[in-house]
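Subject: Structure handover

Hello,

Here is the structure for your files. My notes on what turned up follow below it.

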Amino acid sequence: MAFTADDRTEITQLISMHGHLCDSGDLDRLEDLFTPDVVYDVSDFGQEPLRGVAACVAAARALGELNPVGHHVTNIVLAEAEAEADAAGDRVHARSKGLGVNADGTVGSVTYEDTVVRTPHGWRISHRTVRAHRTPLGGRL
């Protein structure tokens, strides 16, 4: 199955929904975004990668008041997986920028690197790596 304009729209909406669900506290709906065995890699923040939707929910609940009050995603770029690796067109690589607004007004910037797969329930993120931005120009000054 080819990667279509409709797929692009669905995947973009999928990535955008992450912030809406987290910011509204609808953590029980994260299965609408992620595969059951998702790997959510937050090692750039000194944490072990989270494995599975339940681990993602538990981590967000444990963070409690330290969660950002606003997750904002932008600059979504999608690319089909290499033809040899995914002949069916069921895997897409996505990169997007994220801004997290904290309750005290501070803001952090990240890049999300996602592997998105087609499932019987629609597109879902199977792997997400969150990379923090800490220096201008990616540290290439």
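**The largest pocket**

Helix 2 gives the largest share of the lining of the largest pocket, five residues. The model is predicted, so to speak of local features a pLDDT of at least 70 is needed, side-chain atom pairs count only at pLDDT 80 or more, and totals for chains, interfaces and linings use all residues. Numbering runs from 1 along each chain as its sequence is written, and side-chain values use heavy atoms, with hydrogens and water left out.

The volume of this pocket is about 970 Å³. It has 33 lining residues, and the closest to its centre are Val42, Leu63, Asn67, Pro68 and His71. A pocket here is an open set of points on a 1 Å grid over the protein atoms alone, with protein on both sides within 12 Å along at least five of seven lines; a cavity is a set where a 1.4 Å probe fits but cannot get out; lining residues have an atom within 4 Å of a point. Points are joined across faces, edges and corners, and a volume is the space filled by probe spheres set on them.

At least two lining residues come from each of helix 1 (5-23), strand 1 (34-41), helix 2 (53-63), strand 4 (91-101), strand 5 (107-119) and strand 6 (122-133). Helices (H or I, at least four residues) and strands (E, at least two) are DSSP runs, numbered from the N terminus. The pocket lining splits into 20 nonpolar, 11 polar and two charged residues. Ala, Val, Leu, Ile, Met, Phe, Trp, Tyr, Cys and Pro count as nonpolar; Asp, Glu, Lys and Arg as charged; the others, Gly among them, as polar.

**The cavity and His18**

There is one cavity of 30 Å³ or more. The largest cavity has a volume of about 50 Å³. Its lining is Ile15, His18, Gly19, His71, His72, Val73, Gly98, Tyr112 and Arg128.

His18 sits in helix 1. Its relative accessibility is 7%, so His18 counts as buried (under 20% relative accessible area; exposed is over 50%, partly exposed in between; 1.4 Å probe, protein chains only). Leaving out residues up to four places away in sequence, His18 touches Leu33, Phe34, Tyr40, His71, Tyr112 and Arg128. Contact means heavy atoms within 4.5 Å.

**Rings**

A search of the whole structure finds one aromatic pair. Phe34 and Tyr40 form it, edge-to-face, at 5.7 Å centre to centre with 90° between the planes. Rings of Phe, Tyr and Trp (its six-membered ring) pair if their centres lie within 6.5 Å; planes under 30 degrees apart are stacked, over 60 edge-to-face, the rest tilted. Both Phe34 and Tyr40 are buried.

Two arginines lie over ring faces: Arg128 over Tyr112, at 4.0 Å from the ring centre, and Arg134 over Phe45, at 5.6 Å. The test is NZ of Lys or CZ of Arg within 6 Å of the ring centre and within 35 degrees of the ring normal.

Asp44 is in the loop between strand 1 and strand 2 (50-51). Asp44 is partly exposed because its relative accessibility is 31%. Beyond four places in sequence, Asp44 contacts Val130, Arg131, Ala132 and Arg134.

Asn75, in strand 3, is not a glycine but has a positive phi of about 55°. Leu137, in the segment after strand 6, is not a glycine either and has a positive phi of about 55°.

Best wishes
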